[in-house]
Amino acid sequence: MNNSNSEKLVNEKLDLKTKLAYGAGDLGPAITSNIAIFFLLVFFTNVAGIPAGLAGSILMIGKIWDAVNDPIVGLLTDKTKSRRWGRRLPWLLYGAIPFGIFFFLQWIVPQFSSEPSSNMWPLFWYYVAIGVMSQVFFTVVNLPYTAMTPELSQDYDERTSLNSYRFTFSIGGSILSLILAQIVFSVIANPQQQYLVLAAICTVISVLSLYWCVYGTRDRIMAFEAKRIQLAEPPEIPFFEQIKIAFSNRPFLFVIAIYLFSWLGVQITASIIPYFVLYCMGLKNSEVPTVLIAVQATALLMLFVWSNLSKKYGKKIVYFLGMSLWIIAAGGLFFLQPNQIGLMYVMAIMAGCGVSTAYLIPWSMIPDVIELDELQTGQRREGVFYGFMVLLQKFGLAFGLFLVGNALQASGFKAAVIGQNTLPIQPDSALLAIRIAVGPIPTICLIIGLILTFFYPITREMHAEIMLKLQERRENNS
């Protein structure tokens, strides 16, 4: 691709084909992570027979390792050089198949011993090892993907639109995974086989969608790469100096904190909802996906509503509206009784309105932060910013999942026995712990996120000024 064609393509508005291909890149990670968020903890306790505390520890170890490898992969993607694929796409191209394989291996229950008590610790270490490898390859495909946003478009509002497509596929993938779960759970009676078949289907879809993204965005990404290479770049800043600069960027600190508390609320709620539906509302396992679909379908429908409102009223207002609805829903869930099924779905829909803003707004803020950094340092370092954003988020999530698992165990929660299809009866203390995890804890996280969003400093006007100064610099350097 010659220089004039690259310049022309970079400055053009994104076409529908490219937006769809970019969105498809989040379909695979969304399907796999959605299944893991909603079902992996309950799979460990209700199918593999692992105590809730140990199950929470498995998830915590995986998330901590995931957080550690994020900035490493982020830095490596910034340094990757490929004349055919650029900096980000090689990671998706070569990481897609291992990503699918290790996701699938998490849903196998190997028999190390005929005695259930002797099987527990080998199972624990098996899931730790597979979980660590699964998180490595999740990062390998997902982090370079998220860092592509500012490379596909430099327009403030178009990035919000681009993220709408991304999260349409993300939430759409979540809904698809839940529909598949509902079908599989209804057709197959054996719980162990249910999760194995579901994982196999999701693995195939996930790998194919990543290849769609690679081949569908390549022209636009390579045009950006050609333009970036033309510009005279200042000497490279050492890694630890990059960390120092990243964390001296005040808006960046706000974004990672907003994202941390938003997603802490999302993932704690997601991991505890199956327990809430099964034990507090008295519904069957096949009915769990229906409740989750109500949340995710609402989030999908609201994405484009919030995106349009964001253009008119700004990101802060949209975030406040969505989170306020979710806080009301979280409070209502705490008091729900088994005979209030209709009201439960109303709360699920209200929560879905908030979940969509948790998807959309923080991720549309981070490119603005990257441009402010470029104005201050002269370098584009998407990988470093996205890497540390996700690192801190995952440390928080690891701690949150660890607390949920151990709080359940401390409250007297009873894990299932391998091979038994009936769920154990839970004590009142365990039921109260489930209600606290579905209501008050997410509410606290969301309120902190609202406070941080109120003080977030980059407005549309400030971003326009940043882009004007960057354009002047690029013209002077060209």
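Colleague: Which residues does Tyr-386 touch, not counting residues up to four places away in sequence?
Modeller: A word on the ground rules: this is a predicted model, where local features need pLDDT of at least 70 and side-chain atom pairs count only at pLDDT 80 or more, while totals for chains, interfaces and linings use all residues. Residues are numbered from 1 along each chain as its sequence is written, and side-chain values use heavy atoms, with hydrogens and water left out. Contact means heavy atoms within 4.5 Å. With sequence neighbours up to four places away not counted, Tyr-386 touches Leu-143, Thr-146, Ala-147, Thr-149, Pro-150, Trp-363, Ile-366, Pro-367 and Ile-370.

Colleague: How many Å apart in space are Tyr-386 and Leu-75, C-alpha to C-alpha?
Modeller: Along the chain, Tyr-386 and Leu-75 are 311 residues apart. In space, their C-alpha to C-alpha separation is 9.8 Å.

Colleague: How many of the 28 residues in H4 are buried?
Modeller: H4 is mostly covered. Out of 28, the buried count is 21.

Colleague: What about Trp-85, which residues is it in contact with, leaving aside neighbours within four places in sequence?
Modeller: Trp-85 belongs to the loop between H4 and helix H5 (89–105). At a relative accessible area of 7%, Trp-85 is buried. Its contacts, sequence neighbours within four places aside, are Pro-90, Leu-93, Val-214, Tyr-215, Arg-218 and Met-222.

Colleague: On to packing. How do H12 and H14 lie relative to each other?
Modeller: The axes of H12 (residues 288–313) and H14 (residues 341–377) come within 7 Å and cross at roughly 45°. Axes here are lines fitted to C-alpha atoms, for helices over the stretch in contact, and angles run from 0 to 180 degrees between N-to-C directions. Angles under 35 degrees count as roughly parallel, over 145 as roughly antiparallel, 65 to 115 as roughly perpendicular and the rest as oblique. So H12 relative to H14 is oblique.

Colleague: Is the H12 and H14 crossing left-handed or right-handed?
Modeller: A crossing is left-handed if the near helix is turned anticlockwise from the far one by less than a right angle, and right-handed if clockwise. The way H12 passes H14 is right-handed.

Colleague: What is the packing angle of H3 and H11?
Modeller: H3 covers residues 27–46 and H11 covers residues 250–280, with their axes 7 Å apart. The two are oblique to each other, and the crossing is right-handed. The angle is about 55°.

Colleague: And how do H11 and H14 run relative to each other?
Modeller: Here the axes come within 9 Å and cross at roughly 160°. H11 passes H14 in a left-handed crossing, and residues that meet include Trp-263 on the H11 side and Tyr-359 on the H14 side. H11 and H14 are therefore roughly antiparallel.

Colleague: Which residues is Tyr-359 in contact with, leaving aside neighbours within four places in sequence?
Modeller: Tyr-359 is part of H14 and counts as buried at 7% relative accessibility. Neighbours within four places aside, its contacts are Phe-167, Ser-170, Ile-171, Ser-174, Trp-263 and Gln-296.

Colleague: Last one: how far apart in space are Phe-276 and Ala-437, C-alpha to C-alpha?
Modeller: Phe-276 lies in H11 and is buried, at 1% relative accessible area. Its contacts beyond four places in sequence include Ile-434, Arg-435 and Val-438. Phe-276 and Ala-437 are 161 residues apart in sequence, yet their C-alpha atoms are separated in space by 9.2 Å.

Technical notes: Buried means under 20% relative accessible area, exposed over 50%, partly exposed in between (1.4 Å probe, protein chains only). Helices (H or I, at least four residues) and strands (E, at least two) are DSSP runs, numbered from the N terminus.
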